[in-house]
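Colleague: I would like to learn how to read a model like this one, feature by feature. Could you take me through it?

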Amino acid sequence: MAGGDEKKSNAGGGGNAKKPNAGGGGAKKPNVSGGGKKKEVKKETGLGLVNRKDENFGEWYSEVVVNAELIEYYDISGCYILRPWTMAIWEEMQKFFDTEIKKMDIQNCYFPLFVSPGVLQKEKDHVEGFAPEVAWVTKSGESELEVPIAIRPTSETVMYPYYSKWIRGHRDLPLKLNQWCNVVRWEFSHPTPFIRSREFLWQEGHTAFATKAEADEEVLDILELYRRIYEEYLAIPVLKGKKSELEKFAGGLYTTSVEAFVPNTGRGIQGATSHCLGQNFAKMFEINFENEKGEKGMAWQNSWAYSTRTIGVMVMVHGDDKGLVLPPKVASVQVIVIPVPYKDADTQGIYDACSATVASLTEAGIRAKADFRDNYSPGWKYSHWELKGVPLRIEIGPKDLANSQVRAVRRDNSAKTDIPRDKLVEQVKEMLDNIQQSLFDAAKQKRDACIQTVKTWDEFVEALSQRKMIFAPWCDEEEVEVDVKARTKGEMGACKSLCSPFDQPELPEGTKCFASGKPAKKWTYWGRSY
Ligand code: 87F
């Protein structure tokens with residue numbers, strides 16, 4: 001789960017995690033798994049997906065993540081193998097974020113995976129609700145451990161005892177650390193690759209300041225980086241805002257988040273969170289310092305995270321009936337070059353042109369690769385790389401060779417363009433930028449079409465039944481949100497507040513809360529969510 005703090009996960013409409021689905025896609029076995037009634041396998045290639053995004057979203061998602069070689073199912077429920085195609089995407093985002101946080105003087109570190117029960121207990125007030133999800137090591141070999149050891153679900157209790165030790169005077173502040181790691185949360189609700197898994201990768205940042213003002217500023221700086229990951233890298237529009245009291249991280253002062261939306265299921269999804277913890281943890285862990293005047297102060301802390309959930313949102317938002325669609329900025333292969341030899345044409349010439357094309361693109365900083373495998377037809381390769389979501393395909397056949405050109409085919413809209421060899425780099429760069437922008441624009445248009453502004457309860461219920469994300473004036477009272485949840489609880493899961501955007505439209509005097517009829521205090525997004 002992204003941002004780390006989804007308190008109770010709703011059973012998700014998206015992604016029915018199938019049983020280990022052996023033999024999904026894959027280069028060597030072009031056949032799609034299993035039977036299935038709605039089989040629509042392309043004759044030539046056998047690579048087509050069985051499920052359609054608009055008809056059977058959950059099954060479609062499971063099929064795409066396996067057949068595109070992002071993940072492989074594992075024999076422990078809720079755990080997935082992240083294959084190189086996934087890790088490459090993760091690493092692109094990581095490069096960006098890691099560089100940006102270093103500019104903010106945040107340093108990387110690594111704390112142990114294991115937590116002693118003592119410190120975990122220290123935090124018991126807020127851990128209580130999460131306790132069932134904590135996994136424990138109780139044995140080594142055949143002997144019971146004297147004291148069981150927890151596996152980190154998040155690292156507050158692991159790190160803060162050392163913050164207490166390291167922070168003494170104001171010169172020790174700010175302390176700004178981040179770690180890239182895995183965490184384990186033993187979820188009981190329906191697991192879904194990337195979206196809800198029992199082990200996932202994330203970065204968790206934990207910072208301590210002398211003043212609240214510094215902490216407040218950092219919360220928003222980090223949130224802006226999260227917005228950029230989604231919008232600039234994953235081409236997914238998000239809403240930036242503040243969580244309600246009910247939905248915030250209980251251990252903190254306030255929680256901000258970026259919220260994405262999956263039109264196919266009509267569900268919001270928390271993309272990442274940036275919390276101001278206030279002084280709550282400083283109190284618990286005695287993170288104190290002496291200021292310039294020799295007075296005692298207590299540290300102000302933040303924590304923030306985004307996880308591999310980002311990749312699941314990307315698959316859900318951009319994928320189509322041919323498979324994955326990768327935004328160029330995160331694609332490990334941005335351009336796939338495929339030779340199209342023909343009978344007695346100059347095969348060697350075509351292969352050389354392919355190599356030269358890859359060399360020119362690589363030289364220009366574009367991630368390009370040629371598929372020279374001789375045991376697959378060009379048609380099979382087209383489908384294979386479409387399934388894997390490569391943004392741009394370049395085909396080179398006898399005619400292209402003769403005309404000193406290449407043919408480029410966009411993954412997002414299938415548009416074909418002939419590019420003269422001497423304009424290759426320039427035009428490919430332009431096309432990749434264009435694809436990145438079109439993906440964002442299309443996703444934003446779809447998302448915006450799903451946002452419904454309502455003023456009354458009846459309008460709200462109607463919009464919810466149409467799987468909308470709802471924007472409504474709210475009185476900002478916790479009991480009212482509890483009530484909204486109770487009144488909307490059904491098969492599809494309850495509706496909750498997603499966030500109150502920082503960007504607030506005008507709220508005319510006398511506007512009433514959509515749910516309670518009391519005076520409204522703010523505009524808030526509501527919806528079913530992951
Ligand atoms: C599950 C088990 C035990 C979420 C849990 O969001 C504890 C927890 O504390 C838990 N699930 N959380 C909240 C995590 C808050 C916070 N941690 C650092 C973040 C960002 C990174």
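Colleague: Which residues does Val183 touch, not counting residues up to four places away in sequence?

Modeller: A contact here means heavy atoms within 4.5 Å. With that rule, Val183 touches Arg152, Pro153 and Thr154, and also Arg198, Glu199, Phe200, Trp202 and Glu204, residues up to four places away in sequence not being counted. This is a predicted model, where local features need pLDDT of at least 70 and side-chain atom pairs count only at pLDDT 80 or more, while totals for chains, interfaces and linings use all residues. Residues are numbered from 1 along each chain as its sequence is written, and side-chain values use heavy atoms, with hydrogens and water left out.

Colleague: Is Val183 buried or exposed?

Modeller: Buried means under 20% relative accessible area, exposed over 50%, and partly exposed in between (1.4 Å probe, protein chains only). Val183 is at 0% relative accessibility, so it counts as buried. It sits in strand E7; strands (E, at least two residues) and helices (H or I, at least four) are DSSP runs numbered from the N terminus. Between the C-alpha atoms of Val183 and Ser155 there are 8.6 Å in space and 28 residues in sequence.

Colleague: Where is Ile338, and what does it touch?

Modeller: Ile338 belongs to strand E15, residues 335-339. At 0% relative accessible area, Ile338 is buried too. Leaving out residues up to four places away in sequence, its contacts include Cys354, Asp371, Tyr382, Trp385 and Ile394. Arg373 lies 35 residues from Ile338 along the chain, with 9.4 Å between their C-alpha atoms.

Colleague: How far apart in space are Lys423 and Ala68, C-alpha to C-alpha?

Modeller: They are 31 Å apart in space and 355 residues apart in sequence. Lys423 is in the loop between strand E19 (416-420) and H12, and its relative accessibility of 35% makes it partly exposed.

Colleague: How should I read a nonpolar core?

Modeller: In soluble globular proteins, nonpolar side chains tend to be buried together. A core is a set of buried Ala, Val, Leu, Ile, Met, Phe, Trp, Tyr and Cys residues joined through side-chain atoms within 4.5 Å. The largest one here has 63 residues, and the members that touch the most others are Leu70, Met93, Phe97, Tyr226, Tyr306, Met314 and Leu324. At least three residues come from each of domain 1 (2-68 + 323-445) and domain 2 (80-318), the bounds being from an automatic or database domain assignment. A second, separate core has 25 residues, among them Ile394, Val428, Met431 and Leu439.

Colleague: What is Leu70 in contact with, leaving aside its neighbours within four places in sequence?

Modeller: The list includes Val65, Ile81, Trp85, Ile89, Phe194, Val315 and Leu324.

Colleague: And how do I read a pair of helices?

Modeller: Two packed helices are described by the angle between their axes and the distance between the axes. Axes are lines fitted to C-alpha atoms, for helices over the stretch in contact, and angles run from 0 to 180 degrees between N-to-C directions. Helix H2 (residues 84-103) and helix H8 (residues 309-318) have axes that come within 10 Å and cross at roughly 110°. The two are therefore roughly perpendicular (65 to 115 degrees; under 35 is roughly parallel, over 145 roughly antiparallel, the rest oblique). Thr86, Ile89, Trp90 and Met93 of H2 make the contact with Thr310, Ile311 and Met314 of H8.

Colleague: Which residues of H9 and H12 meet?

Modeller: From H9 they are Thr357, Ser360 and Leu361, and from H12 Leu424, Val425 and Val428. The axes of H9 (residues 347-363) and H12 (residues 424-449) come within 10 Å, crossing at roughly 65°. That makes H9 roughly perpendicular to H12.

Colleague: Which residues does a cis peptide bond join?

Modeller: Leu173 and Pro174, with omega about -5°. Pro174 is in the loop between helix H5 (156-166) and strand E7 (175-184).
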